[in-house]
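Reader: I am new to reading structures. Please take me through a close look at a single part, and then show me where that part sits in the whole.

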There are 2 protein chains.
Amino acid sequence: MTLTEAALVALIARAFERHGMSPPNAALVAAVVAAAERDGAASHGLLRLDGYIATLRSGWVDGAAAPVVAQPAPAILAVDARNGFAQVALAAVRDQAMAVARSQGLAAVCIADSHHFAALWPDVEPFAEQGFIALTVVNTRSRIVAWGGRRKVLGTNPMAFACPRGDGPPVVWDQASSQRAQGEVLKARIEGRPVPEGVGLDAAGEPTTDPASILDGGALLPFGGHKGAGIAFMIEVLAAAMTGGRFGFQDDSPAFPGAQTSRAGQFLLVIDPARGPGGDVPGRIASLVSMLREAGAQRMPGDERRHRRAQSLRDGISIPDAAHAKLVALAGDTQ
Amino acid sequence: MTLTEAALVALIARAFERHGMSPPNAALVAAVVAAAERDGAASHGLLRLDGYIATLRSGWVDGAAAPVVAQPAPAILAVDARNGFAQVALAAVRDQAMAVARSQGLAAVCIADSHHFAALWPDVEPFAEQGFIALTVVNTRSRIVAWGGRRKVLGTNPMAFACPRGDGPPVVWDQASSQRAQGEVLKARIEGRPVPEGVGLDAAGEPTTDPASILDGGALLPFGGHKGAGIAFMIEVLAAAMTGGRFGFQDDSPAFPGAQTSRAGQFLLVIDPARGPGGDVPGRIASLVSMLREAGAQRMPGDERRHRRAQSLRDGISIPDAAHAKLVALAGDTQ
């Protein structure tokens with residue numbers, strides 16, 4: 001089954017609307033799910049649909065939330081997501097964030113009481129396409145053990161970065177603070193495979209390669225040892241403490257069976273390089289990327305997504321028949 | 001030999017003055033070297049003295065540089081370090097950075113044409129002691145190979161983060177973007193030991209555990225694989241492109257035999273959490289740290305430095321006689 005991006009967004013949005021999301025919110029979140037599918041980022045595409053629906057059904061997240069934006073300082077924008085999806089909160093503040101960055105040189109967006117269940121690159125890429133440098137971090141449910149600890153406290157806390165490039169599309173990366181994604185460990189358990197050493201600890205805080213021991217009361221390890229722990233800690237401070245959002249260890253989703261998202265926070269920094277002292281910043285980033293490619297970096301972050309995106313925009317987004325049938329059923333269509 | 005911190009700073013400053021630094025610049029850089037020695041951070045203490053002196057003698061850095069501060073946007077401060085040490089540039093802008101963060105909510109400091117040869121934590125700790133969250137990054141000479149490349153392009157690009165903690169001193173970390181520090185590989189070569197796998201590549205871009213092959217035309221690998229490469233890339237963009245400083249691959253120090261510093265840039269973000277929506281941010285950070293300690297994190301970043309600092313402030317800073325004699329000779333004292 002092949003759909004245009006617009007048709008896929010509309011179909012996902014109908015499924016979300018039928019499960020409690022307001023039409024504008026459904027359109028915003030559907031666009032992010034469809035974008036992941038379009039770019040070949042399957043783990044954040046239609047695979048997530050069941051998780052979204054179960055979370056909406058559980059009553060854990062408010063699909064109709066209307067975020068409230070404030071400006072507590074000239075360069076800080078605060079968004080109370082009102083227990084809704086982070087993408088809705090970000091959409092409510094995006095234009096203002098760009099305006100503040102243009103006038104002040106930079107803007108910090110603090111989103112609290114939000115749920116982020118999507119990839120993070122869609123949050124920063126649009127800023128870089130408009131010439132801004134953007135960095136965002138989100139805190140999640142506790143999953144990482146840090147600095148020689150034996151129990152998880154920090155989340156898998158992802159970070160995404162995007163910057164404009166004078167001679168082409170932005171450079172965009174998006175990465176979790178764990179050595180491996182929780183989803184990869186889940187996949188290993190399903191397939192009956194061990195995971196590599198260094199991925200996680202068991203419930204007693206001992207190293208293990210058994211995915212079940214990691215998932216059942218154990219914990220993930222940060223990427224790059226204590227350095228990744230430093231990054232995960234910084235993200236917990238910026239995304240939760242700075243915004244007024246909950247820490248991962250304050251999660252109380254177990255009261256809502258089926259809930260799969262973290263009620264947490266997000267911090268976003270938007271910088272207008274044209275207001276700084278750097279001159280032609282996108283041009284210089286282009287020269288840095290050229291040097292990296294000349295040195296043999298064959299796949300820069302985002303290359304694969306961009307390649308798949310071009311294919312999808314040309315040929316349509318290809319979806320397995322079963323996934324399409326399920327989506328149609330969720331959307332209540334009578335095709 | 002045991003000295004007070006003030007006596008050690010004065011002695012190092014005299015040594016710097018005798019080798020071309022202006023008195024105020026000598027005092028600033030000496031304070032950072034002495035602080036490292038005081039805190040037991042030996043790799044950035046008196047061990048660096050020869051490197052500073054050789055670099056000053058080479059003419060590569062201007063020890064008497066007078067930095068120039070500008071404010072191109074309300075929340076951006078730009079410092080032209082005039083080919084001097086980064087600590088001098090930062091000292092020239094520190095108070096203004098705090099004032100801007102207080103009034104705007106946050107401030108970005110862009111330092112260009114600067115040399116950073118010290119630890120990075122002294123740059124952020126003073127901000128956190130005043131209640132600010134601070135993040136800084138510095139780019140260095142090319143040493144890291146990224147994203148499957150075979151030649152080094154990015155620097156070992158360190159990052160430091162500090163945040164206030166309601167019930168104690170700030171949490172402060174400081175880490176390079178390489179898996180191991182260049183100094184550790186040098187030490188392994190001297191001691192005739194191999195380094196672990198994953199530390200570096202040889203000149204042909206192949207993995208090696210031979211420190212000489214890494215140092216002679218080879219490269220270091222980033223921490224945490226492609227994720228550390230993402231961090232190193234972001235730092236190169238912020239510290240060099242954003243500030244107008246040179247990229248690591250633009251280094252031309254070989255024309256100055258003895259020069260050991262990178263002529264590069266530094267980016268510093270200062271956030272005033274009191275201006276954001278988070279409420280008692282230092283108090284919440286204290287609760288996060290408590291959770292981490294309860295989960296078994298026995299050594300938080302900075303714990304060891306703080307322990308050694310308390311000792312030094314109580315008992316004086318202990319220095320080997322040979323190191324002291326050398327320092328006295330460099331300072332031209334006739335003790």
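Reader: Is A:Asp113 buried or exposed, and how many other C-beta atoms lie within 10 Å?

Author: First, a caution: this is a predicted model. Now to the residue. A:Asp113 is buried, because 23 other C-beta atoms lie within 10 Å and the cut-off for a buried residue is 20 or more.

Where is A:Asp113 in the chain? The residue belongs to strand E4 of chain A. Strand E4 covers residues 106-115.

Next, its contacts. Set aside the neighbours within four places in sequence. A:Asp113 then touches A:Asp80, A:Ala81, A:Arg82 and A:Asn83, along with A:Gly245 and A:Arg263. Take A:Gly245 from that list. A:Asp113 and A:Gly245 are 132 residues apart along the chain, yet 5.4 Å separates their C-alpha atoms.

Now step back to the whole of chain A. Of its 335 residues, 59% are buried. Look at contacts between residues at least 6 apart in sequence: 65% of these join residues at least 24 apart. Eleven helices and 14 strands make up the secondary structure of chain A. Its radius of gyration is 20 Å, and the globule rule gives 20 Å for 335 residues, so chain A is as compact as a globular protein of that length. Along the principal axes, its C-alpha atoms fill a box of roughly 55 × 50 × 45 Å.

Rotate chain A by 180 degrees, with 0.0 Å of shift along the axis, and it superposes on chain B with an RMSD of 0.0 Å. This is the relation of a two-fold axis. In chain A, A:Gly224 has the C-alpha nearest the axis, at 2.0 Å.

How do the chains meet? In total, 60 residues of chain A are in contact with 60 residues of chain B. Several elements of chain A each supply at least two residues to this side, among them strand E4, strand E3 (76-85) and helix H9 (281-294). H8(A) gives the most, with seven residues. By type, this side of chain A has 37 nonpolar, 16 polar and seven charged residues. Of the interface residues of chain A, 100% are also interface residues in chain B, so the copies meet through the same surface.

Strands come next, this time in chain B. Seven of them form an open sheet, in the order E2-E3-E4-E13-E5-E8-E9, with mixed pairing. Strand E2 (68-73) and strand E9 (168-175) of chain B stand at the edges. Each has a single partner strand, so one side of each is left without a neighbour in the sheet. From one strand to the next, the twist averages 15 degrees.

Strand E5 (residues 133-138) and strand E8 (residues 159-165) of chain B are antiparallel, and four bridges join them.

Last stop: the loop between strand E7 (154-155) and E8 of chain B, which holds B:Asn157. This residue is buried, with 27 other C-beta atoms within 10 Å. Beyond its neighbours within four places in sequence, its contacts include B:Val137, B:Val138, B:Ser177 and B:Ile235. B:Val29 is another matter. From B:Asn157 to B:Val29 is 128 residues in sequence and 20 Å in space, C-alpha to C-alpha.

Notes
Residues numbered from 1 in each chain as written. Chains lettered and ligands numbered in written order. Predicted model: local features only at pLDDT ≥ 70, side-chain atom pairs only at ≥ 80, totals over all residues. Rg over C-alpha atoms; globule rule 2.2 N^0.38 Å. Buried ≥ 20, exposed ≤ 12 C-beta atoms within 10 Å, placed from the backbone. Contact = placed C-beta atoms within 7 Å. Pairing = 2+ DSSP bridges. Axes fitted to C-alpha atoms, helices over the stretch in contact; angles between N-to-C directions. Least-squares fit on C-alpha atoms with pLDDT ≥ 70 in both. Nonpolar A, V, L, I, M, F, W, Y, C, P; charged D, E, K, R; others polar.
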